[in-house]
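Keep the sequence at hand as we go.

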Amino acid sequence: MLTAKETRESFKTFFESKGHKIVPSAPMVIKDDPTLMFTNAGMNQFKDIILGNQPAKYTRVADSQKCLRVSGKHNDLEEVGHDTYHHTMFEMLGNWSFGDYFKEEAIAWAWEYLVDVLKLNPERLYATVFEGSTNEGLERDNEAADIWARFLPKDRIINGNRKDNFWEMGDTGPCGPCSEIHIDLRSDNERSMTDGLTLVNQNHPQVIEIWNLVFMQYNRKANGSLEGLPARVIDTGMGFERLCMALQGKTSNYDTDVFQPIIKEIGRLSGFTYGEDTQRDVAMRVIADHIRTIAFSITDGQLPGNAKAGYVIRRILRRAVRYGYTFLNCKQAFMFRLLPVLIESMGDAYPELITQQILIEKVIKEEEETFLHTLETGMRLLDKAIEEAQARGERAIHGKEAFTLYDTFGFPLDLTELILREHEMTVDTAEFDAEMQKQKERARNAATVETGDWTMSHEGTTRFVGYDFTNYEVRILRYRQVKQKNKTYYQIVLDATPFYAESGGQVGDTGTLVNEEEILEVLDTKKENNLIVHLTSKPPRRADLSYQAQVNLEKRKTSAANHTATHLLDEALREVLGTHVEQKGSLVSPDGLRFDFSHFQKMTDEEIQQVEKIVNRRIRENIEQTEYRCLPIEEAKKLGALALFGEKYGEEVRVVQFGDSIEFCGGIHATTTGNIGIFKIVSESSIAAGVRRIEAITGEKVEEYIYHTQETLNELRVLFNNASDVCAAVHRSMDENAELKKQVEGFLKEKQAIVKNGILHGIYTIGEIKVARYVGALLHECIKNIAFALRGEITENLFFVAGTTDNDKPLLTVTLSENLIAKGLNAGQLVRDAAKLIQGGGGGQPHFATAGGKNPDGLNAAVDKVLEILK
């Protein structure tokens, strides 16, 4: 029986023998494609080749690609862990042909690998082919069916519909029929009772697709029509985890050696055994799946965060923590402890896990601890919602409240429902679903991009000439209209361009395209599927003419200076803090620079100053740039060039050197360090566990910073009567203020005691109830202290109500003793009912509640309203 490691290597070895170049996996996190946050299929790294934006260096390629899917067909995050074969992160084994072989070889080699090499039982295999579409004038894929007929009986070659057997990259672009290979893993007894033919593509957990062979032969235009693709493409993808399940004789991916070592470690840490309880089994599967996703995302440079890809990773991590918290009784951070087992399993194939282990552990541990605290906060909010519903006499909480818990605190609906059941309560699921739908609609509308067909002007591909030129004569190859968020703009592709496209943290160039007919303002320059596109607000009038492409020189120079300063900063940080420092992200713009790096504690003021001095010394040395273009990657490594984790490099790279600073880099730089002028760090902060962020400025921005600082200092000096030593004057003022504050606190305590004694003397009884009433001006903090003091002194039958103003802001306060609560009184309900009289609202606990408002004149009436219940 092949292990997972052996299976992965056997695939690569087989396709290498068929003339394929074995390439490394691309990062799972995508940085330069606006249409995707994560690699969700093996073909993503080849999109630019498939779209014709870049020539293929190798016509035959194979790899094992790490992928992430959290939405789409069969990939709802909330379902992962509940079945046996769907995951968030998974490996995709794939082979590609770019204008080389097509269906004949793709099908024959797939069969050879599965049956002859891996020895899978051919009696258990099925193939699907595209049945055709009369609406689009497409016939059945008889070519693929005829090839399959050499290996399979015709009754195991199944027609598939457009949804399952016609693959499309998107609304437009390359597409074509596909052929899926399914395997029946049921027992012989089950197979004899039910024909596997009836279970293909029917979501049966043991009759599953393992390999999809895509035959790209069409191009989908914006109007929906199809045209033939000049260079046909083979794109195949086989689920690695599913293949291991089939080879190892299992009926669940989670029972293979891909997941079992992790699941056993989860069991050891939690004290539970996998296979003994359904809910605990789901929790273990969720955690085993999610730890892989989180670890690989961090190694690729994506930290958990509050937006876009970072939010997705944080949501996945919190889902795993929540399952451990709820079903495995894991009340302390535990997931970071799973990393050694994951590395043992996958570190050989993906060595970045080993090199980044310390960072991954620290990030996960801090995120876990933060969320466990958030869970406790969410629990308190849910308890409050339960109390308020019970006070209203209802047995269900509002769906909006449940959605807030889900959206803000990571509480899935099932956790809320579980806790509510313990209180014999429910949730308005219809309202929850409505809120969820609203959120999805908002996200969908924000993300919707409408692209028109390309208008072709000239044939050719784009050359980037921006390292050498900022002004260049160009021709427009093609352009199209794009609509997003009710805005319309145009993408223009040139045959050559001096405009740098946003990538590697450096913003894109702006400028103009000029000829005798018009001036087109280039608002931004971006990369889309490795294609450099220039964004304009209007289309070209005469795309047949040549244009002069002119980069905005001022912005280019300041961006270049800031980029070079970033390299010098990186080197200085490694000198001062240590060689453990690694870049984790950056932003370079004309206004300044931002640099994220791995370091496990706050930098001291002395360290920041030391880094600044090193950078500024190298600026004054006026070091010239040394550039290596198209350098073989092994030679670049011999130079000692720094590479970034999470970046995929080709066989040839560009290296930029300024003295001892040597880095892989495709960005624009200053010709000498002296062009930077001066460098100043303006902030240093933490953005995640083990990751710090420096923000800095250079050149004229530093001058402005110095002037502003000097002006502030001058203003302070004036405020302190032109004191020669401003710091000493500030300290004296702070000391005087502290002394005055103590005196004020003393006065307040005296006032508080006087008011409290007055309230005690004014207490009257209604039956057994001791009624304390107060209306007057008093700080909100004081009336709260008085309320709790009264409750401490009068432990039974206390009914205290106060109406106070603080800076003309009214506050209604109610405090009750425990025995009155036991009799059915509720302070929260009392203030809610009376708060309308001060044009406000509020609430709280049964024993203490407050309500603010806008109308202080209504306080007496509000207090009387509260007291009405005693009548």
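What follows looks at the cores, then at some salt bridges, and finally at a surface patch. Please bear in mind that this is a predicted model.

Let's begin inside. The largest nonpolar core has 122 residues, and those with the most contacts inside it are Leu 114, Trp 148, Trp 211 and Ile 397. Leaving aside residues up to four places away in sequence, Trp 148 touches Ile 107, Trp 111, Ala 127, Val 129, Ile 157, Ser 179, Ile 181 and Leu 213. Another core, of 27 residues, lies apart from the largest one, and Leu 568, Leu 577, Phe 597 and Ile 676 are among its members.

Now for the charged pairs: the whole structure holds 49 salt bridges. One of them joins the side chains of Asp 596 and Arg 693, at 2.7 Å from N to O. This pair links distant parts of the chain, with Asp 596 in strand S24 and Arg 693 in strand S29, 97 residues apart. Asp 596 counts as buried because its relative accessible area is 7%, under the 20% cut-off.

Glu 123 and Arg 156 also form a salt bridge, their closest N and O atoms being 3.8 Å apart.

Finally, turn to the surface, where Val 682, Tyr 705, Ile 706 and Tyr 707 form a nonpolar patch with about 390 Å² of accessible area together. Helix H20 supplies the largest share, 3 residues, while Val 682 sits in strand S28.

Definitions and conventions:
Residues numbered from 1 in each chain as written. Predicted model: local features only at pLDDT ≥ 70, side-chain atom pairs only at ≥ 80, totals over all residues. Heavy atoms only, no water. Patch = residues over 30% accessible without salt bridge, like charges linked within 9 Å, V, L, I, M, F, W, Y side chains within 5 Å. Areas by Shrake-Rupley, 256 points an atom, 1.4 Å probe, with all protein chains shown as cover. Salt bridge = Lys/Arg side-chain N within 4 Å of Asp/Glu carboxyl O. Helix = DSSP H or I, 4+ residues; strand = E, 2+ residues; numbered from the N terminus. Core = buried A, V, L, I, M, F, W, Y, C linked by side-chain atoms within 4.5 Å. Buried < 20%, exposed > 50% of the residue type's maximum accessible area, 1.4 Å probe, protein only. Contact = heavy atoms within 4.5 Å.
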